[in-house]
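I opened the model to look up salt bridges, a pocket and some backbone angles. My notes follow in the order of the search.

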Amino acid sequence: MDEPRRQHFPPTLNTWIGERLVGGTMGRGEINRHVMEAYEEPLRIYFLGSSWRTLGEPEEIVNGFLADRLDRAEFFTKWQASGKRLRHWLINALHFYLKEQWRKEHRHNAGRLDSGGDEDGPREIADPGIEDRVVDRTWARALVAAACRDAQTSCQADGLDDHWQLFIRHHLDGLPYRDCAAEFEVDPKRCAVMARTAAGRFREALQERLRQDGVSDAEFDEELMHLQEVIA
Amino acid sequence: MSDEDDPALRTLLELGRTQATRPTSELRRRVSAADGNNWLAAVLATDFDGNPVNADCVLCTPDGDMDYLRSQYQSAKQCFHAAGDEDARMRGLLWYLLLMAAAAAHHDVMLSSQPSATVTEALLEVAPDLPDPWGDLAARGAMAMD
């Protein structure tokens, strides 16, 4: 009774981006839209939790970063060669961008105050190996939120809005299944069908989002276990 | 989602994991096969002591004796974990799930020490594929322990 699988993207983000890079400006536009939609929020949350947060408003900083880096022709080809998850690549790039911004601001202030000194010295960039956990924690939250949006859209498109609402009432609102069954006026077995269908849509959406980040099908469980660990 | 939602976040990440290799998925395939109903009837006709049993009476009504349910539950668990062939393993899993459902639905007893959410999700996963009264029992058991 599960719904048929839907494929919105090819097997890996690497393939998908590679195909679009060949497509020139239009392809780049598609990549940029996808990256902004999928990663803007995690980047913003990450920035707010970092020691760089005094550099500016998070929206301005992240939008400035994306505009700057996504415009560089080699940005995604270098990512493809790196073998990294896209989220880690973007966060590393954000670190470099923030350092650039800090230096610009520092130079500007130094010039304005007519002070040739460099008393503060450049800020150190945190070890990405340590920061990956912070990135992943933020990413896990954004990933689940995005998968919920996708699954909701998928359910609504097929007239399964009640299924999705029941899923939300149980998993996010914490309503026990027996109360869900009463609220939706369905018997326990029907409730099971609805819960399983919505869970299946959510699973598909979550796995699709993981694919878009560069996770292969064989790595899903390992990746999800890792994300469960980092939020614990 | 706020920081207070971490248990929900963990559950949702767990839900995203691959289903294909899970035992419940194998059980769903088994009962949905062309001979699924015959297999089900044969499996539920004999208990783990080798005695003929009226599973409908034992599992689907409050008449089932709790001590009997407990002992069968232990045997079913053992069978599921230790059986040498897949068919016997699935027999163990089916009984294991239905015994937990019966204990919860009719006796308000949780037989398993596993988190109730884990057992609930497993029962809800297989319930739609089981013919009644077993599907209904699985779903009612899930509701009772949630």
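I counted a salt bridge wherever a side-chain nitrogen of Lys or Arg lies within 4 Å of a carboxyl oxygen of Asp or Glu. The search over all chains returned 27 salt bridges.

Ground rules next. The model is predicted, so local features need pLDDT of at least 70 and side-chain atom pairs pLDDT 80 or more, while totals for chains, interfaces and linings use all residues. Residues are numbered from 1 along each chain as its sequence is written, chains are lettered from A and ligands numbered from 1 in the order in which they are written, and side-chain values use heavy atoms, with hydrogens and water left out.

**Salt bridges**

I looked up A:Glu223 and found A:Arg87 as its salt-bridge partner, with the closest N and O atoms 2.5 Å apart. A:Glu223 sits in helix 10 (residues 220-231) of chain A and A:Arg87 in helix 5 (residues 86-112) of chain A, 136 residues apart. Helices here are DSSP runs (H or I, at least four residues), numbered from the N terminus. For burial I used relative accessible area: buried is under 20%, exposed over 50%, partly exposed in between (1.4 Å probe, protein chains only). A:Glu223 is buried at 7%. A:Arg87 is buried at 3%.

B:Asp129 lies in the loop between helix 7 and helix 8 (134-145) of chain B and B:Arg28 in helix 2 of chain B, so the pair ties together parts 101 residues apart in sequence. Both B:Asp129 and B:Arg28 are buried.

I then checked B:Arg89 with B:Glu86, whose closest N and O atoms are 3.2 Å apart. Both lie in helix 6 of chain B, three residues apart, about one turn of the helix. B:Arg89 is partly exposed at 23%, and B:Glu86 is partly exposed at 35%.

I also traced shared partners: salt bridges join A:Arg85, A:Arg87, A:Asp136, A:Asp213, A:Glu219 and A:Glu223 into one network.

**Pocket**

I took a pocket as an open set of points on a 1 Å grid over the protein atoms alone, where a 1.4 Å probe fits, with protein on both sides within 12 Å along at least five of seven lines; lining residues have an atom within 4 Å of a point. The largest pocket has a volume of about 850 Å³, the volume being the space filled by probe spheres set on the points. Its lining has 37 residues, with B:Ala117, B:Thr118, B:Val119, B:Glu121 and B:Ala122 nearest the centre. Helix 7 of chain B gives the most to this lining, eight residues.

**B:Thr120**

Which helix holds B:Thr120? I found B:Thr120 in helix 7 of chain B. B:Thr120 is buried at 1%. Leaving out residues up to four places away in sequence, B:Thr120 touches A:Tyr177, B:Ala142, B:Met145 and B:Asp146 (heavy atoms within 4.5 Å).

**Backbone**

I found a cis peptide bond between B:Asp132 and B:Pro133, omega about 15°. B:Pro133 is in the loop between helix 7 and helix 8 of chain B.

A:Glu185 has a positive phi, near 55°, and is exposed at 73%. B:Asp108 has phi near 55° and is exposed at 69%. I placed B:Asp108 in the loop between helix 6 and helix 7 of chain B.

Methods:
Helix = DSSP H or I, 4+ residues; strand = E, 2+ residues; numbered from the N terminus.
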